[in-house]
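Dear colleague,

Please read the notes with the model open beside them.

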Amino acid sequence: MTKTPRARTTPARLTQEDTRTGLSPQAIARAFCDNLFYVQGRFPKVATPHDRFMALAYTVRDRLLQRWIHTAETYYQRQSRTVCYLSAEFLLGPQLGKNLINLGIYGAAEEAMKSLGLDLGDILDQEEEPGLGNGGLGRLAACYIDSLATLEIPTIAYGIRYEFGIFNQAIRDGWQVEMTDKWLRLGNPWEIARPQLTFGVKLGGHTETYTEDGRYKVRWNPSHLVRGTAYDTPTVGYHVNTANFLRLWRAEATESFDFRAFNTGDYYGAVMEKIVSENITKVLYPNDELPQGKQLRLQQQYFFASCALQDMIRLHLQTARSVEDFDRKFAVQLNDTHPAIAIAELMRLMVDEYNVDWDRAWRVTQNTFGYTNHTLLPEALERWPVPLFSSLLPRHLEIIYEINRRFLDEVRVRCPDDDDRIRRLSLIDETGPRFVRMANLATLGSRMVNGVAKLHSELLRKGVLRDFCDLAPDKFTNVTNGVTPRRFLLLSNPRLAGLITSRIGDGWVKNLDQLRQLEPLASDPEFQTAWRAARRHNKTALAALLRARTGVQVDADTLFDIQVKRLHEYKRQHLNVLHVVTLYNRLCREPSADVPARTVIFGGKAAPGYFVAKLIIKLIHAVAERVNADAAIGGRLKVAFLPDFNVKNAQHVYPAADLSEQISTAGMEASGTGNMKFGLNGAVTIGTLDGANIEIRDEVGADNFFLFGLTAAEVQQRKAAGYRPRDHYESDPRLKEAIDQIGSGFFSPEQPELFQPLVNNLLGSDPFMLLADYAAYVDCQERVNQAYRDQEGWTRMSILNTARIGYFSSDRAIREYCERIWRVKPEPITLDGDPI
Ligand code: NBG
């Protein structure tokens, strides 16, 4: 044997592969038993279902780690340009099934478990998901991690390791009840704690100036210091060797402060300090109320942004000589403004700690960041009161003032005597009490800014960020969102996925455009029958889940009309309810009306402080109670609310929908991603021209989409012309009846006034224009009824929705980010022998 390094290492690796991380059912079964024994400390007879989940999870983790080590080694040696995705939220969902799929060992694991007399499905069911996000934004980040690894892009995702994620939702007496999400209680087998990888994060205090080698410098003397510790979760791509990681930071007290307190004899003071520090990463904020004024939230944002940047600099300096070419090594994406403080922090680190001169540091900073905006709702745009900001981050406030001063000086030269423009562009809102405007900071500090669907990006350019767009139009782009087909079709809808693969092969999993090959089958009777059978199976499964969770019995042969998403007035779940009430009234009046039987299913959490959203949940339950109990309509309409909508539950919902409700007020839903998940699984959309609905309709064809309602432009015009919701109420008897019933206690006889606030809102200003869209919506639902009666026609629409949804893969979206925003290339990883 020649004595090359490769020849020396390969046999060792192969042996290790064989004994410890082999992919055969036998190797998996052996590793599973080992882990049950040596990690969980259990023998099979006494092992609980959760022990078995842990044992299999550790088995899979070994296989992930092997890939991760190779990946890390390769990136290190090649000094690969790396994407850093900064997000305060990652809504990962359960990991086991996804990892099995991506490693290509789902079948092997199934067989291994079977050989031990176990069922893989039961084991998968044990996993509790990390709910480290609120909704679409956090889930998008998770889809993007999956695509980044699958496309072999060197990536680190950075976020916060919340001890309590989004609350669990229970329903009591029709009301939402929040329960703490203790997701770490039984241990988290996927994460690897890195107690040696920590950074100090300063808070509070004041700044002072000094000179050093003739240079004017600023020193920040903080009043607090916390420590961030890294917890890593490997994220393997689909059928590739790339395993990137998600690095979440947890806050802890620093030892130095403990010592100080101990030395003065203040033991309890030291313990308090520890508790206060750890609070920073205790809990995820639900996205309710105004973000303003929440000191802890600003602390969270700064804490994780600072840890992430310090970590990046550490990595960079392992191989580079200076931080001055930081932007060549990293492309840092800001997932909304939550991590936007990173812009000021990178400036601080470079200028104060690495002595980079201001202009150079600003060039590097602007070249490093990209900013994705996810909302146009003014109340959701983050602004921090200047006093709060300055008490927590005094040095950053100075830096932001300086960035602002230089920026506005430039603008004054370009646009003299335009004070209004200056006021709008300023990083500081001075129209009343002063605020730091995070969207302005993010836009100015980034090389590229994007919205998440065509309409949204256009509205950004014309609205919220218009002045910035005037100054630098090329900075603005659009990347329409996408979702991962691995989780949302292959894993969660195995029957449909299997049927698709049996006809067109499995290339679609990595290249979703290949679903187009289904088009010629859309009217094929045999394929249609198989398609309906797969979907019928999913509907039966959802019906069983609903029964188990709510007691409501629904029939899988009815039209499943589903709206699942966070509860929000702009998403208009109550418009859906108005239709339900209208349909109910019609069925009561015309018992023989020729309409297909429907099951209307809702799901979603309301922010705990959002009174109206919670009242809408109660309304759904009140209507459900009445409708479901009414024998006179003979089960032709049922209403159900699936509690605790999360990723795990979602995987049972999307595959079972016939009709996907995407009915937000036009111009308000930035993109939506549920709309894509439904379409991927063959649901037909009823929707407004909002967010990505517009592009979905363009792709699937107007004939295969139920469109209704005002356009975004019309919404604006109506408002400008003085919108009067009462006119609709007075002139449409169906609407009047429904609203009167809701308002008068028809659905809440014990508390007739209960829903008055909702009714007053609709008849008062109706800010989300339900009444303006009501008639169009109800008529459109009638077109749905007609279409559903023709099962062949409907199945054809369903198949075409799946066949033409390929554009909405997160792989496509990530390719666009890589080319247009990050300028990074794939770095393939080889597993056998040395990585290079
Ligand atoms: C949400 C939008 C959705 C969009 C997701 C992902 C926030 C702030 N925004 O329409 O409301 O699909 O982001 O981009 O959560």
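Which helices and strands each supply at least two residues of the lining of the second largest pocket? They are α22 (525–550), α24 (611–629) and β21 (637–642), where helices (H or I, at least four residues) and strands (E, at least two) are DSSP runs numbered from the N terminus.

This is a predicted model, in which local features need pLDDT of at least 70 and side-chain atom pairs count only at pLDDT 80 or more, while totals for chains, interfaces and linings use all residues. Residues are numbered from 1 along each chain as its sequence is written, and side-chain values use heavy atoms, with hydrogens and water left out.

The second largest pocket holds about 620 Å³ of space, and among its 27 lining residues G174, K618, H621, A622 and E625 are the closest to its centre. A pocket here is an open set of points on a 1 Å grid over the protein atoms alone, where a 1.4 Å probe fits, with protein on both sides within 12 Å along at least five of seven lines; lining residues have an atom within 4 Å of a point. The volume is the space filled by probe spheres set on the points, which are joined across faces, edges and corners. Helix α24 gives the largest share of the lining, 8 residues.

In helix α5 (residues 106–115), A108, A109, A112 and M113 are buried (under 20% relative accessible area, 1.4 Å probe, protein chains only). These buried residues fall within an arc of 135 degrees seen down the axis of α5, so they line one face of the helix; the arc is that of the directions from the helix axis to the C-beta atoms. On the other side of α5, K114 and S115 are exposed (over 50%). G117, which follows α5, has a positive phi near 75 degrees.

Kind regards
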